[in-house]
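Hello,

The structure we talked about is below. My notes on it follow.

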Amino acid sequence: MILSDREIRAALTRRGIRITPDPSGDVRVWSSTALDLRLAAQLRFWDLTREGAPASFSPADPGFDFLALLELFGRVVDISDNGYPLKPGEFCLGWTIEKIQLPYRSRIAARVEGKSSLARLGLGVHVTAPTIHAGFGFNDEDPTFVGNPIQLEIWNTGPLPIVFKAGMRICQLIFELVDGTPEQGYSGRFSVQGPPT
């Protein structure tokens, strides 16, 4: 069951959903069943022209380490001042400004989806990975932890460059009620994530 704007606000009030900074007062980010999120100032691109760059990736290999590969062969572009024109066919990783917590006992999960205004230009914001699991960004042992931003897999399939600006509304988050309380929260390899600093 998808939560309405009224139910999302109620979940924020009772801290069943936690978003930093709090979007409650910004009417521009709300629709009837979703909440817009904004693009952070850093984009990350694969730079496979560097010496030692692999000719291919094999995620099935036991030693495959995505984060290590990205550290070695990733290039960070800061778009704070001038923005960035994402060319047709170009792919990058981005982050939301907003940090999200979905305490698993709240029985709420979410999906990150594109905005139709950007999709009409050919922009995608996830590559078959929209799921934000119950428990995402939640740390039972640290009550001061404010959650994680959402990583976006962004690509331009349109005919023209699309200019990105830090702070632009880039995607929307749709919240769903989980049938039953999960035994545990999300604890996968991306349970603690954020842009490079």
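In these notes, two residues are in contact when heavy atoms of theirs lie within 4.5 Å of each other. The model is a predicted one.

By that criterion, and leaving aside neighbours within four places in sequence, Ala110 is in contact with Leu102, Pro130, Thr131, Ile132, Leu173, Ile174 and Phe175. Ala110 sits in strand 7, which covers residues 108-114. Its relative accessibility is 1%, and buried means under 20%, so Ala110 counts as buried. Ala129 lies 19 residues from Ala110 along the chain, and their C-alpha atoms are 11 Å apart.

Strands 2 and 12 run antiparallel and are joined by four bridges. Within that pairing, Leu37 has Cys171 of strand 12 as its bridge partner.

Now the core. The largest nonpolar core holds 38 residues, and Ile17, Ile150, Phe164, Ile170, Leu173 and Phe175 have the most contacts inside it. Strand 12 (residues 169-177) supplies the largest share of this core, four residues.

Which residues does Leu173 touch? Not counting residues up to four places away in sequence, the list is Thr33, Ala34, Leu35, Leu37, Ile100, Ala110, Arg111, Val112, Ile132 and Ile150.

Regards

Technical notes
Residues are numbered from 1 along each chain as its sequence is written. This is a predicted model: local features need pLDDT of at least 70, side-chain atom pairs count only at pLDDT 80 or more; totals for chains, interfaces and linings use all residues. Side-chain values use heavy atoms; hydrogens and water are left out. A nonpolar core is a set of buried Ala, Val, Leu, Ile, Met, Phe, Trp, Tyr and Cys residues joined through side-chain atoms within 4.5 Å. Buried means under 20% relative accessible area, exposed over 50%, partly exposed in between (1.4 Å probe, protein chains only). Helices (H or I, at least four residues) and strands (E, at least two) are DSSP runs, numbered from the N terminus. Two strands pair if DSSP finds at least two bridges between them.
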